[in-house]
Amino acid sequence: MLRPGGTVLIRNAFPGRCERDLRVRYFPETAAGIADYPTVEHVTTAFEAAGFTPVALRSLPQRSAPTLAAFAAGLRRDADSKLRALPDEAWQAGLDRLRRAAAERPEEEAVSWMDLLVLRRD
């Protein structure tokens, strides 16, 4: 049990706020899976009912690889539930988009933006 004044941090991709996730950028079909996640409002309401107050919601960068090419090279479909759920054609099309972007912008870092929801126990 969390004591009064304790803080809960939830790092996630939330529906309607995931367009800067690398998977969504290059594999847009993955957004459909995120659409089924609880919204920020749903999570906040549930926590408020348990005595928590929302403190902050921020998008934070998550560096997945030094470059898009390195990200593509290390991407494993079977290790990611969102990618694993894609049909073969969508997987290949996304991989092609990612590789083209890596070739066009070889210095670009592979960065996703994820939300951090901060709640404090009253």
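Trainee: Before we start, what does contact mean here?
Mentor: Contact means heavy atoms within 4.5 Å. This is a predicted model: local features need pLDDT of at least 70, side-chain atom pairs count only at pLDDT 80 or more, and totals for chains, interfaces and linings use all residues. Residues are numbered from 1 along each chain as its sequence is written, and side-chain values use heavy atoms, with hydrogens and water left out.

Trainee: OK, what is Leu98 in contact with, leaving aside neighbours within four places in sequence?
Mentor: Tyr26, Leu68, Phe71, Ala72 and Leu75.

Trainee: And which residues touch the most other members in the largest nonpolar core?
Mentor: Tyr26, Phe27, Leu68, Phe71, Leu75, Trp91 and Leu98, out of 17 residues. Such a core is a set of buried Ala, Val, Leu, Ile, Met, Phe, Trp, Tyr and Cys residues joined through side-chain atoms within 4.5 Å. Buried means under 20% relative accessible area (1.4 Å probe, protein chains only).

Trainee: Which helix gives the most to this core?
Mentor: Helix 6, with six residues. Helices are DSSP runs of H or I, at least four residues, and strands are runs of E, at least two, numbered from the N terminus.

Trainee: How many bridges join strand 1 and strand 3?
Mentor: Six. In one of them, Arg11 partners Leu116 of strand 3.

Notes:
Two strands pair if DSSP finds at least two bridges between them. Buried means under 20% relative accessible area, exposed over 50%, partly exposed in between (1.4 Å probe, protein chains only).
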